[in-house]
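Biologist: I am new to this protein and would like to be walked through it. Could we begin once the structure is on the screen?

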Amino acid sequence: MTTPDESPIIRTSSKRMTKGILIVVITLAFGAAIIIPYWQTMINHPPIASTLKHEEGPPTPSGTQTSIGTMEGVTNQQQKSTEKTNAATDNQSSTAATEGKDATSAQPSNVAGPPGTSLTILEGSSVQGNPDFDPDTLTVKKGDKITVTNKDTLPHTVTSGASPTDPNSAKQFDTSIIEAGATADIETTNIAAGNYPFYCAVHPYMMGKLVVQ
Ligand SMILES: [Cu+2]
């Protein structure tokens with residue numbers, strides 16, 4: 001005994017069966033074609049809860065960011081921390097490069113004491129009376145590159161001359177503004193041997209002396 005409901009299935013021809021299977025296969029293929037290109041992206045950007053635990057996630061390309069506010073916040077924080085890490089790495093590598101240069105330039109000279117190619121602007125330098133440049137008198141050999149590091153929280157300069165009214169002000173060298181935490185180089189290749197006072201253009205009471213040998 002056959003019910004009306006069963007009859008269409010029983011009567012299905014192999015041709016119709018093939019058609020049906022083909023439709024299913026094509027649908028799956030389309031689905032796969034859509035999902036597979038984004039597979040890696042989905043793995044890289046799991047839901048928020050797991051993103052928070054996952055500290056070293058790669059920076060998100062802005063195009064794939066979801067519009068959920070919290071998600072953007074998390075992603076931005078990730079990007080910031082990644083940038084910080086990059087900046088830190090850059091600083092380290094530049095420091096390493098400087099140290100490497102110092103070490104190599106130290107070897108040929110038999111002069112006692114390390115060659116002074118580093119000038120530090122000490123923290124608190126902007127307050128008159130505080131120690132400012134370290135060392136106060138920097139001695140270099142002509143041709144040395146001086147690396148000035150601003151360890152203060154304010155911008156400073158290293159400008160040749162005794163004061164802003166000195167007619168020779170900034171004639172020999174001038175770093176221009178060095179932002180807090182930044183470094184600047186002074187080339188001494190074109191500076192004749194001699195003594196050169198210098199000061200900070202922002203705080204003219206900050207004074208030091210450069211001796212080029
Ligand atoms: Cu200054």
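Modeller: What follows is a short tour of this predicted model, taken topic by topic.

Biologist: Good. How many helices and strands does the protein have?

Modeller: There are five helices and eight strands. Along the sequence they follow the pattern α-α-α-α-α-β-β-β-β-β-β-β-β.

Biologist: And what share of the residues is buried?

Modeller: Of the 213 residues in the protein, 24% are buried.

Biologist: Let us turn to the strands. In what order do the four strands of the open sheet lie?

Modeller: The order is β3-β8-β7-β5, and the pairing is mixed. The edge strands are β3, residues 137–140, and β5, residues 159–160, each of which pairs on one side only.

Biologist: What does pairing rest on, in general?

Modeller: Strands of a sheet pair through backbone hydrogen bonds, in either a parallel or an antiparallel sense.

Biologist: Then which sense applies to β7 and β8, parallel or antiparallel?

Modeller: Strand β7 (residues 194–199) and strand β8 (residues 207–212) are antiparallel, and they pair over six bridges. Phe 198 stands opposite Gly 208 in β8, and Tyr 196 has Leu 210 of β8 as its bridge partner.

Biologist: How many bridges join β3 to β8?

Modeller: Four bridges join them, and these two strands run parallel. Here Leu 138 stands opposite Leu 210 in β8.

Biologist: Now the metal. Which residues are the protein donors of the copper ion?

Modeller: The donors are His 156 through ND1, Cys 200 through SG and His 203 through ND1, at 1.9 to 2.1 Å from the ion. Their spacing in sequence is H-x43-C-x2-H.

Biologist: Where do His 156 and Cys 200 sit?

Modeller: His 156 is in the loop between β4 (145–150) and β5, while Cys 200 is in the loop between β7 and β8, so the pair ties together parts that are 44 residues apart in sequence.

Biologist: Are those two buried or exposed?

Modeller: Both His 156 and Cys 200 are buried.

Biologist: What about Thr 159: buried or exposed?

Modeller: Thr 159 lies in strand β5. Its relative accessible area is 3%, under the 20% limit, so Thr 159 counts as buried.

Biologist: Which side chains does the side chain of Thr 159 contact?

Modeller: The Thr 159 side chain makes a polar contact with the side chain of Thr 157 at 2.8 Å. It also makes a polar contact with the side chain of Asp 174, at 2.8 Å.

Biologist: A change of topic: how many salt bridges does the structure hold?

Modeller: It holds one. Asp 185 forms a salt bridge with Lys 145, and the closest N and O atoms are 3.4 Å apart. Asp 185 is in strand β6 (residues 183–187) and Lys 145 is in strand β4, so the pair ties together parts that are 40 residues apart in sequence.

Biologist: Why can such side chains pair at all?

Modeller: Side chains of opposite charge can pair when their charged atoms come close.

Biologist: How accessible are Asp 185 and Lys 145?

Modeller: Asp 185 is partly exposed, with a relative accessible area of 42%. Lys 145 is partly exposed as well, at 29%.

Biologist: Which residues make the nonpolar surface patch?

Modeller: Met 17, Ile 21 and Val 25 make a patch of about 290 Å². Val 25 lies in helix α2, residues 14–35, and its relative accessibility of 46% makes it partly exposed.

Biologist: What about the backbone: which residues does a cis peptide bond join?

Modeller: It joins Asp 134 and Pro 135, with omega at about 0°. Pro 135 is found in the loop between β2 (133–134) and β3.

Biologist: What is the phi of Ala 170?

Modeller: Ala 170 has a positive phi of about 65°, although it is not a glycine. Ala 170 is in the loop between β5 and β6, and at 33% relative accessibility it is partly exposed. Its C-alpha is 8.5 Å from that of Phe 198, a residue 28 positions apart in sequence.

Biologist: And where is Ser 176 found?

Modeller: Ser 176 is in the loop between β5 and β6. Its phi is positive too, near 55°, and Ser 176 is partly exposed at 41% relative accessibility.

How values were computed: Residues are numbered from 1 along each chain as its sequence is written. This is a predicted model: local features need pLDDT of at least 70, side-chain atom pairs count only at pLDDT 80 or more; totals for chains, interfaces and linings use all residues. Side-chain values use heavy atoms; hydrogens and water are left out. Two strands pair if DSSP finds at least two bridges between them. Patches are made of residues with over 30% relative accessible area and no salt bridge: like charges are joined within 9 Å, nonpolar side chains (Val, Leu, Ile, Met, Phe, Trp, Tyr) within 5 Å. Accessible areas come from the Shrake-Rupley method with a 1.4 Å probe; for residues, only the protein chains shown count as cover. A salt bridge is a side-chain nitrogen of Lys or Arg within 4 Å of a carboxyl oxygen of Asp or Glu. Buried means under 20% relative accessible area, exposed over 50%, partly exposed in between (1.4 Å probe, protein chains only). Donors are N, O and S atoms within 2.8 Å of the metal (3.2 Å for Na, K and Ca); water is not among the atoms, so sites may look incomplete. A polar contact is a pair of N or O atoms within 3.5 Å; within protein, one must be able to donate a hydrogen and the other to accept it, and residues adjacent in sequence count only if both atoms are side-chain atoms.
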